[in-house]
Amino acid sequence: MNDSQPIIIIGSGMTGLTLACALVQQLQRVVIIDKQPPTLTWDTSTARVSAINHATINILKNLNLWEHIDD
């Protein structure tokens, strides 16, 4: 584990969490700060639809995340 100060990411949306995953895979310490508390439940009233382009798919594949995303 890296002994340096953690990298702070503001926001736990798709971009912030993807960056956090990439940094953790590089053995960086990461702190995520968001205005909402974390939740592990799926609330369909706040579900969003997102368009994902080929560049994003490549990033997610490189992070071994793509196979965990539902169609």
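User: What makes a stretch of residues a helix or a strand here, and how do the elements run?

Analyst: Helices (H or I, at least four residues) and strands (E, at least two) are DSSP runs, numbered from the N terminus. On that basis the secondary structure of the protein amounts to 2 helices and 2 strands, in the order β-α-β-α from the N terminus on. This is a predicted model, in which local features need pLDDT of at least 70, side-chain atom pairs count only at pLDDT 80 or more, and totals for chains, interfaces and linings use all residues. Residues are numbered from 1 along each chain as its sequence is written, and side-chain values use heavy atoms, with hydrogens and water left out.

User: Why is Thr15 called exposed?

Analyst: Exposed means over 50% relative accessible area, buried under 20%, and partly exposed in between (1.4 Å probe, protein chains only). Thr15 has a relative accessible area of 68% and is therefore exposed. Thr15 belongs to helix H1, residues 14-25, and its C-alpha atom is separated by 10.0 Å from that of Thr56, 41 residues apart along the chain.

User: How much of the protein counts as buried?

Analyst: Of its 71 residues, 11% are in the buried class.

User: What makes Asn53 a cap of helix H2?

Analyst: A side-chain oxygen of Asn53 lies 3.1 Å from the backbone nitrogen of Ala55, at the N-terminal end of H2 (residues 54-62). A polar contact is a pair of N or O atoms within 3.5 Å; within protein, one must be able to donate a hydrogen and the other to accept it, and residues adjacent in sequence count only if both atoms are side-chain atoms. After H2 comes Asn64, with a positive phi near 60°.
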